[in-house]
Structures are given as structure tokens and as C-alpha cells.
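Please walk me through how this two-chain model is put together, with the criteria behind each term spelled out.

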Amino acid sequence: MKNRKRLMENAIHGIFLVLGLITVGCVLLITVYLVISGIPAIRKIGVLKFLFGKKWASTAAQPQYGILPFILTSIYGTAGAIVLGVPVGFLTAVYLSKIAPPKVKTVIETAVSLLAGIPSVVYGLVGMMVLVPGIRTLFHIPDGASLFAAIIVLAIMILPSIIKVSLTALEAVPKEYEDASLALGATPVETYFRVSVPAAKSGIAAAVVLGVGRAIGEAMAIMMVAGNAPNMPKVFQSVRFLTTAVASEMSYAADGSIQKQALFSIALVLFLFIMLINAVLNFFLKHSKE
Amino acid sequence: MKKFVTLITIVSLMLTAMTGCGKTVSGSVSTDGSTSMEKVIGALGEAFEENNSGVTFTYNPTGSGSGITAVAEGRCDIGLSSRNLKDEEKAQGLTETILALDGIAIIVNPDNPVNDLDLETIGRIYRGEITNWKDIGGNDLEIVLIGREAGSGTRDGFESITDTEDVCKYRQELTSTGDVITTVAGNPAAIGYASLASVKETVKALSVGGIMPTEETVKDGSYVVQRPFVLVTRSNTELSEAAQKFFDYITSSEANEIISSAGAVPVN
């Protein structure tokens with residue numbers, strides 16, 4: 001009887017292990033595939049020419065494959081989204097966890113969850129129909145599809161993850177800390193910003209990094225509002241991100257052509273960026289546990 | 001009585017089987033060439049496969065040039081080209097059959113007072129030599145050039161007809177005809193191009209050199225922003241049975257509806 005029980009236990013452990021390995025297997029498969037299909041074009045074009053070339057003209061008679069505009073656009077776009085999105089998201093989280101009355105909190109939290117559930121193509125569509133013409137009339141420029149429009153869409157898209165993760169971190173701060181601060185004569189607001197927030201800082205940092213990850217990987221929504229011309233980034237210029245560079249040309253690139261291989265190389269660069277962000281995220285999460 | 005019914009059934013089954021035999025063609029049809037023709041040839045191939053279950057249809061999107069080379073070297077049954085054959089290609093023993101015409105409409109916002117441009121002016125606009133609508137009879141607005149992504153068949157067609165290959169100063173490169181139309185509909189300074197069949201009333205199609213783009217003007221050749229979809233075959237070699245059947249089917253009037261719904265103007 002005891003033996004049978006143990007056998008059962010072992011079998012179930014085995015099944016769980018296999019299920020766990022599926023995820024690991026997928027990550028490995030994707031990594032290996034990206035590296036294998038991304039390297040040839042970089043070799044043919046040359047690392048420096050590929051990463052720091054300023055001109056992308058993949059179907060021209062004399063094709064040029066420089067992805068510096070895409071890299072810079074992705075960095076600027078993500079940074080802009082963080083600059084706009086983090087203050088709003090962070091302060092919302094402080095409000096929700098410390099100040100908001102329960103009813104208000106429920107309403108706002110539901111709204112945030114809904115925002116997280118909206119598909120990115122819907123963000124893109126609304127951006128295309130409302131935001132792009134809005135920017136055009138507001139700033140008196142010929143066309144509203146620009147880096148700026150993409151930044152605004154991204155800032156809204158990263159709000160839910162920033163709010164939710166910071167909220168969890170703030171709510172995990174022991175009540176005794178705050179009570180002690182209040183007992184010493186600090187006002188509630190002083191307590192929130194001098195005691196609660198510093199105590200939750202690594203969790204908040206993780207929220208920011210998560211936001212960065214979400215922003216840099218987004219493709220569909222920004223493809224519809226950014227204009228997609230491969231220009232060097234400027235606020236009101238039509239730009240192309242790393243993600244949209246892959247997505248917009250992939251469907252027409254002929255198999256085996258250097259254009260298709262270069263698109264895989266762009267994906268590889270994007271993948272490396274995201275790995276880097278994940279490493280930073282892990283660092284902060286580990287820090288918060290200690 | 002029962003036996004009689006069985007006999008009738010068997011006989012009728014045999015007859016159906018025999019008639020089936022007479023019609024069924026098996027084998028494969030391979031096509032190779034123009035990426036612009038993807039939609040048209042794909043829809044035709046699908047319809048053909050549906051009616052002829054034994055036939056497999058393949059299409060290899062490599063570009064007009066590669067498709068012509070492929071058929072000349074015998075690597076496929078039918079080559080697909082979105083331009084007419086050159087004389088030296090015909091001299092290699094290739095025959096062209098026009099399957100359909102692809103009209104590209106030049107579209108602007110309905111609020112734009114400009115109604116007509118000639119081909120030369122369109123080229124100069126897209127090359128960035130004319131940058132304001134007021135220079136060509138419109139309002140004082142900077143022209144916003146909307147185009148398609150690199151590799152798109154419509155872009156390829158437009159640029160080759162207006163002689164603007166690789167030099168277009170696009171403000172936006174969008175990935176679908178629908179996005180181009182939406183964007184042009186939302187910006188009074190925009191100009192774009194889209195396949196004729198998909199133009200809606202939210203945008204205004206310009207006449208080119210005084211000719212409005214319609215199925216008729218594309219068909220009679222008076223509307224110039226158009227190109228042919230050409231089937232290329234070898235003159236001295238006969239097509240396989242399956243390929244010949246496919247060729248007959250797509251050049252018959254039966255296929256017209258499929259060709260129009262795929263966005264081109266049928267000619268047969």
C-alpha cells in the first residue's frame with residue numbers, strides 16, 4: 001500500500017516536471033531558432049553596418065540594412081512612455097492603496113483591470129481614429145502619425161501593469177511602520193511618501209521594468225499610429241520601431257532573401273533587449289525579497 | 001424486387017463513377033512569380049482545387065522577374081508577371097496571356113478641392129518636388145504622402161508606373177489598403193493610393209489626365225495608372241493536362257467574379 005502511494009507520488013511529480021519543461025523547451029526553441037536565423041544576415045551585412053547604419057531600404061535596387069533608426073525609436077518611445085506613464089500609474093497606486101475610500105477603490109481597480117484586457121489592436125484603432133487627427137489639429141502639423149502618438153498609446157497601455165504591481169508592493173508594507181510614523185507626529189501624506197513608498201521601492205522598480213518590457217515589445221497598436229517610415233526619431237516625425245519593422249515587412253519578404261534574414265536579425269536584437277530587461281527585473285525582484 | 005433495386009443502384013453508381021472518371025484530372029499545377037498577383041491567383045487556385053479534388057495547386061511568390069525565369073527554365077507550369085513581357089523575353093519562346101488588369105486609384109480627402117492630376121505631377125509629388133497643395137490648385141497645406149510598406153504589390157505597381165521607385169518621400173507606410181483609406185479619410189492634406197476595387201466613398205479618387213478610374217477606363221486603357229496581370233507560358237511546350245485545365249478555367253468568363261472580388265479587373 002505504502003509502495004503504491006509512493007509510486008503514485010513519483011508519477012505525479014514526473015508529470016509536473018514534464019509540464020514545467022514544456023515552458024523551458026519553448027524558451028530554448030525560440031532562442032535557438034532566433035539565433036540561428038538571425039546571425040546570417042548580420043554576418044553578410046556586418047555587425048556595425050547593421051546596428052549603426054542609419055538607412056533602411058530593404059527593397060531598393062541597392063538595398064541598405066541599417067537599423068539604428070529602429071533601435072533609437074524603440075528606446076525613445078519606451079522612455080517617453082515611462083516618463084508619461086510611471087508618474088500617473090505610481091500616484092494612482094499610492095492613492096488606491098492608502099487614501100481611496102473602498103467604493104472608489106473598487107471602481108478604479110475594475111477600470112484598471114478592464115484597461116489591461118483591451119486588445120492592442122483596439123488601442124491602435126482608437127489611436128488612429130482619434131489621437132492621430134487630434135495631434136494634427138492640436139499642434140498644427142501636417143500629419144499626426146508620429147513618435148509622439150506612439151508614446152501616448154504606449155503610456156496608456158503600460159498603466160495597468162505599473163498600477164497593479166506597485167499596488168501589491170505598497171499593500172505589502174507592514175502597517176506597524178505607518179502607525180509608528182503617524183504616532184511620531186508625521187501627517188498621513190508625509191507617512192506615505194517617507195515611509196510606505198521607500199519600504200516598497202524595489203516592488204515599484206519592478207513595476208517600472210515590467211512597463212518597459214511591455215512597451216518595447218508592443219507592435220500592433222503602434223504600427224497603426226507611428227507612421228512606419230524608417231526615419232531617425234523626432235517627436236513629430238513618422239517613425240518605425242523594432243517590432244513594427246519586423247511585422248510590416250515579414251509578409252512580403254521572399255523566403256531565403258537577405259531581407260527576410262535581416263528581419264530575423266532585427267527580431268534577435270529585440271530579443272536581446274527584452275532579455276536584458278528581464279535580467280534587470282529579476283535583479284529587482286530578488287532585491288525586494290531580501 | 002429487392003434484387004432489381006440493387007441492380008439499378010449498382011448500375012447508376014457505375015455510371016456516376018464513369019462520368020466522374022471522364023472529368024477528374026489529377027496532377028499538379030505550379031505557378032511562380034509576381035507577389036502582386038498573390039490575392040488573385042490564390043483565390044483562383046483555391047476555387048480550382050475545390051472543383052478538382054485530385055489537383056494540387058502551388059504558388060511561389062518570388063516576383064515577376066523570377067517567375068518569368070522560372071517558366072523559361074521549365075521550373076513551373078505558369079509564370080506570373082505583373083508587367084508585359086519584354087521583346088527579348090518573347091524571343092526566348094514565351095507567350096503572354098493577360099489575365100486581368102490592376103487599376104490603382106490615387107485618393108485624397110473629400111475636402112481637398114483638387115480633382116485631377118496628371119501622371120507627371122503625381123510623380124513629382126511623390127518624389128518630394130511639389131510639397132504644398134497650393135502649388136497645384138489646392139489649399140495652403142503641406143502634402144502628406146501615404147504609401148504602402150516595402151514589398152507590397154500595390155506600392156510596387158504605383159512606383160513603377162509613376163517612375164518613383166525607391167525615391168518616394170513617404171510620411172506614412174501602412175500595411176493595408178484599409179489603413180491607407182482610413183488615414184486619407186482623416187487627413188485633409190493626405191494623398192494615397194489603393195487598389196481600385198477597394199476605394200470607398202470616404203475618400204475621393206482623382207482623375208488622372210482627365211480620366212476617372214473605373215472598370216471601363218481601366219479595361220480600355222485610357223486610365224493610365226494600371227498594369228496587367230500576365231500569365232506566362234512556353235510557346236513550344238504544351239501544358240500538362242491539369243495545368244491546361246487550370247489555364248482554361250482562369251481565362252474563362254467563369255473566373256471573372258473571383259478576379260473582381262480579389263480586386264482586379266477581368267479582361268476575358
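In chain B of this predicted model, strand 11 (residues 226-234) is mostly covered, with seven of its nine residues buried. Here a residue is buried if 20 or more other C-beta atoms lie within 10 Å of its own, exposed if 12 or fewer, and partly exposed in between, with C-beta atoms placed from the backbone. Helices (H or I, at least four residues) and strands (E, at least two) are DSSP runs, numbered from the N terminus. Residues are numbered from 1 along each chain as its sequence is written, and chains are lettered from A and ligands numbered from 1 in the order in which they are written. Because the model is predicted, local features need pLDDT of at least 70 and side-chain atom pairs count only at pLDDT 80 or more, while totals for chains, interfaces and linings use all residues.

Strand 11 of chain B pairs with strand 3 (residues 78-81) of chain B in the antiparallel sense over three bridges; two strands pair if DSSP finds at least two bridges between them. Gly79(B) has Val232(B) as its bridge partner in strand 11 of chain B. Strand 4 (residues 94-108) of chain B also runs antiparallel to strand 11 of chain B, joined to it by nine bridges, and Leu101(B) is bridged to Pro228(B).

Helix 3 (residues 64-72) of chain B has Ser64(B), Ser66(B), Gly67(B), Ile68(B), Ala70(B) and Val71(B) buried. These buried residues pack against strand 1 (27-33), strand 3, helix 4 (87-91), strand 4 and strand 11 of chain B. Just after helix 3 of chain B, Gly74(B) has a positive phi of about 80 degrees.

Chain A can be read from its core. A nonpolar core is a set of buried Ala, Val, Leu, Ile, Met, Phe, Trp, Tyr and Cys residues joined through C-beta atoms within 7 Å. The largest one has 75 residues, and Ala149(A), Val153(A), Leu154(A), Val225(A), Ala226(A) and Ile266(A) touch the most other members. Elements giving two or more residues to this core include helix 1 (2-45), helix 3 (68-99), helix 6 (147-171) and helix 9 (201-217) of chain A. Helix 6 of chain A gives the largest share, 19 residues. Apart from this core lies another, of 68 residues, with Ile41(B), Val180(B), Ala190(B) and Ala243(B) among them.

How do the helices of chain A pack? The axes of helix 6 and helix 9 of chain A come within 8 Å and cross at roughly 155 degrees. Axes are lines fitted to C-alpha atoms, for helices over the stretch in contact, and angles run from 0 to 180 degrees between N-to-C directions. Helix 6 and helix 9 of chain A are therefore roughly antiparallel. Angles under 35 degrees count as roughly parallel, over 145 as roughly antiparallel, 65 to 115 as roughly perpendicular and the rest as oblique. Helix 3 of chain A packs on helix 9 of chain A at about 140 degrees, with the axes 9 Å apart, which makes this pair oblique. Among the residues in that contact are Gly77(A) and Ala81(A) of helix 3 and Val208(A) and Gly211(A) of helix 9; contact means C-beta atoms, placed from the backbone, within 7 Å.

Between the chains, the contact takes 24 residues from chain A and 23 residues from chain B. Helix 5, helix 10 and helix 11 of chain A each supply at least two residues of the side of chain A that touches chain B, and helix 5 of chain A has the largest share, five residues.

Note on methods:
Two residues are in contact if their C-beta atoms, placed from the backbone, lie within 7 Å.
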